[in-house]
Amino acid sequence: MIRIILPFIILVSGLWAWNLAAGPEAGSPWGVYNQSLLLSGWLAIALMSLAMMLALRPAWLERPLGGLDKIYHTHKWAGILAVVFAAAHWLIETGDDVIESIFGEAGEHEPHYSGFIDTMRDAAEDIGEFAIYLLFAMLLITLWRKFPYKYWRYLHRVMPALYLLLAFHAAWLAPLQWWRQPIGMLLAVLLLGGSIVSGLSLAGAHSSVAIP
C-alpha cells in the first residue's frame, strides 16, 4: 500500500507546491485559503482517481505490490484518504465566511470568468457540493458495522457515477493556468483514466471493475 500511495501523495503535493502563486497575495489569509482549498481538492480527486483505476486490478501491479490482496488494500486506502481530503476540502470551503468576517473580502487577485466558463464553473460548484454529501453518506454507511454487506456491495457500485460528478467538479474548477503545467497534465491523465474505468463499470463492459 505504502509503495504506491506515499510516493503518489508526494508527487501530487510536489506539483501543487511547484505551482504556488508567487504574487504578493500568496501569503495573505485569502491566498492561504485558496491554496489550501486547491491542495485538499487536488489530493482528494487524485487519490479517488487512483482508487478507481486500481479497481481494474491491473495485472502488471500484482508482482510489485505483492498480489491481488495488496492491490485491494491500496485501492481501499486510496479511497479512504480521498474521502478524508474531500472532507478537509469541504471544511475549508465552508470557512470562507469566517475569513471574510476577520480579514474582509477577497482582493482583486481573485480570478473572474464570464460567459460559458463562468456558467460551467457555477454548475461544477453545485454538482461538487451535491456529490460530496453523497460521498459522506456512503462513508457513514460504510462505517456502520451493522449495515448488511450484501446491500453495501451494491451501494458501492454507484461510486463510478459519483466519481464522474466529482471529476466534472475538479476539471472545471481547477485553475486555468494548471492546464499549461505538469500538474494539469497529471490531472488530465488521472481524470481520463478514472472516467474510462467509471464508464466501463457503469456499462458493465468490464467484470473486474468493482473491487468489493
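**Figure 1. M159 in helix α8 of the predicted model.** M159 belongs to helix α8, where helices (H or I, at least four residues) and strands (E, at least two) are DSSP runs numbered from the N terminus. This is a predicted model, in which local features need pLDDT of at least 70 and side-chain atom pairs count only at pLDDT 80 or more, whereas totals for chains, interfaces and linings use all residues. Residues are numbered from 1 along each chain as its sequence is written, and side-chain values use heavy atoms, with hydrogens and water left out. M159 is buried because its relative accessible area is 13%; buried means under 20% relative accessible area, exposed over 50%, and partly exposed in between (1.4 Å probe, protein chains only). Apart from neighbours within four places in sequence, M159 contacts L135 and M138, a contact being heavy atoms within 4.5 Å. M159 and L202 lie 43 residues apart along the chain, and their C-alpha atoms are separated by 9.5 Å.

**Figure 2. S40 and its partners.** S40 is placed in helix α2, which spans residues 29-54. With 5% relative accessibility, S40 counts as buried. Its side chain makes a polar contact with the side chain of H89 at 3.2 Å. A polar contact is a pair of N or O atoms within 3.5 Å; within protein, one must be able to donate a hydrogen and the other to accept it, and residues adjacent in sequence count only if both atoms are side-chain atoms. Beyond neighbours within four places in sequence, the contacts of S40 are F85, A88, H89 and I92.

**Figure 3. I92 in helix α4.** I92 lies in helix α4 and counts as partly exposed, because its relative accessibility is 25%. Leaving aside neighbours within four places in sequence, I92 is in contact with Y33, S36, L37 and S40.

**Figure 4. The largest nonpolar core.** The core comprises 41 residues, and W42, I45 and L135 have the most contacts inside it. A nonpolar core is a set of buried Ala, Val, Leu, Ile, Met, Phe, Trp, Tyr and Cys residues joined through side-chain atoms within 4.5 Å. At least two core residues come from each of α1 (2-18), α2, α4 (68-94), α6, α8 (159-173) and α9 (182-203). Helix α2 supplies the largest share, 11 residues.

**Figure 5. R121 in helix α6.** R121 is a residue of helix α6 and, at 14% relative accessibility, counts as buried. R121 and A174 are 53 residues apart in sequence, and their C-alpha atoms are 9.5 Å apart in space.

**Figure 6. I117 and the setting of the whole chain.** I117 is found in helix α6, residues 115-143, and is partly exposed at a relative accessible area of 32%. The protein chain contains 9 helices and 0 strands. Of its 212 residues, 38% count as buried. Among contacts in the protein chain with a separation of 6 or more, 82% join residues 24 or more positions apart.
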